[in-house]
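Subject: A structure for you to look at

Hi,

Here is the structure I promised to pass on to you. Have a look at it first, and then read my notes below.

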Amino acid sequence: MCRREVFERALRRMSGQGFKVLLDLLASSPEPLRVRELPYSFRERQRGESKLDTLIVWEFGMLVADKLVGHIVPVRFALFALIGGLGLLVHLTMLGTGLNLLGFSFRASQVVATLVAMTSNFFLHNQFTYRDRRLHGLRLVRGLVTFYLVCGLGIWWLAGVAGAVVGSVFNFAMSSVFTWNRK
């Protein structure tokens, strides 16, 4: 229980991650709250089973992370970037496997590596990054296709443009220092 005004002061700062409302309320309150425990003894479960599983623990961890660093960088973005980094490792591993072990051409290895990395990223994001919005059934298939399209645009077109821009800045800076350096 808490007073309505206590809840209202904390409400705007609450993350809404998972369903650990009490933890969210305590962590979001602008001033420390007094907490008092009222003992309660649970009886044996009569029906159903506990919802506590590793993914509930994951949600709890994400809520804690949101309270610790969410004001700096959104936790969902940080997780998206982390999974993207794993995707890069998957991509490079598959690229090396295609080139060195299977004898594929660079183009074929690149296509396979890209598809495997995008697929693994999609399923990891569906399971963890967007757990609260998980896709199932036909929406999962549609989501995978749209993820391929969005990432495919990023891989080929945007990555090419971004690479050219970053490369131009790097080339300018390095050639200014090393090639056309005024001594």
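Leu153 lies in helix 6, which spans residues 137-179. Helices here are DSSP runs of H or I with at least four residues, numbered from the N terminus. At 53% relative accessibility, Leu153 counts as exposed, where exposed means over 50% relative accessible area, buried means under 20%, and partly exposed is in between, with a 1.4 Å probe and protein chains only.

Before you go further, please keep in mind that this is a predicted model, in which local features need pLDDT of at least 70 and side-chain atom pairs count only at pLDDT 80 or more, while totals for chains, interfaces and linings use all residues. Residues are numbered from 1 along each chain as its sequence is written, and side-chain values use heavy atoms, with hydrogens and water left out.

Leu153 also belongs to a nonpolar patch on the surface, together with Trp157, Leu158, Val161, Val165 and Val169. Together they have about 600 Å² of accessible area, a value from the Shrake-Rupley method with a 1.4 Å probe, for which only the protein chains shown count as cover for residues. Patches are made of residues with over 30% relative accessible area and no salt bridge; nonpolar side chains (Val, Leu, Ile, Met, Phe, Trp, Tyr) are joined within 5 Å, and like charges within 9 Å. Cys151 is in helix 6 too, and Cys151 is partly exposed at 21% relative accessibility.

Next, the salt bridges. Side chains of opposite charge can pair when their charged atoms come close. The term is used for a side-chain nitrogen of Lys or Arg within 4 Å of a carboxyl oxygen of Asp or Glu. How many salt bridges does the structure hold? There are 3:

- Glu8 pairs with Arg4, and their closest N and O atoms are 2.8 Å apart. Both residues sit in helix 1 (residues 4-11), 4 residues apart, which is about one turn of the helix. Glu8 is partly exposed at 42%, whereas Arg4 is exposed at 63%.
- Arg9 pairs with Glu31, with 2.9 Å between the closest N and O atoms. This pair links distant parts of the chain, as Arg9 is in helix 1 and Glu31 is in the loop between helix 2 and helix 3 (54-69), 22 residues apart. Arg9 is partly exposed at 42%, and Glu31 is partly exposed at 28%.
- Arg76 pairs with Asp132, the closest N and O atoms being 3.1 Å apart. Arg76 lies in helix 4 (residues 75-101) and Asp132 in the loop between helix 5 (106-129) and helix 6, so this pair ties together parts that are 56 residues apart in sequence.

Finally, the largest pocket. Its volume is about 630 Å³, meaning the space filled by probe spheres set on grid points that are joined across faces, edges and corners. On a 1 Å grid over the protein atoms alone, a pocket is an open set of points where a 1.4 Å probe fits, with protein on both sides within 12 Å along at least five of seven lines, and lining residues have an atom within 4 Å of a point. Of the 13 lining residues, Met1, Cys2, Arg34, Val35 and Arg36 lie nearest the centre of the pocket. Helix 2 (residues 21-28) gives the most to this lining, with 3 residues. The lining has 9 nonpolar, no polar and 4 charged residues; Ala, Val, Leu, Ile, Met, Phe, Trp, Tyr, Cys and Pro count as nonpolar, Asp, Glu, Lys and Arg as charged, and the others, Gly among them, as polar.

Best wishes

Definitions and conventions: Helix = DSSP H or I, 4+ residues; strand = E, 2+ residues; numbered from the N terminus.
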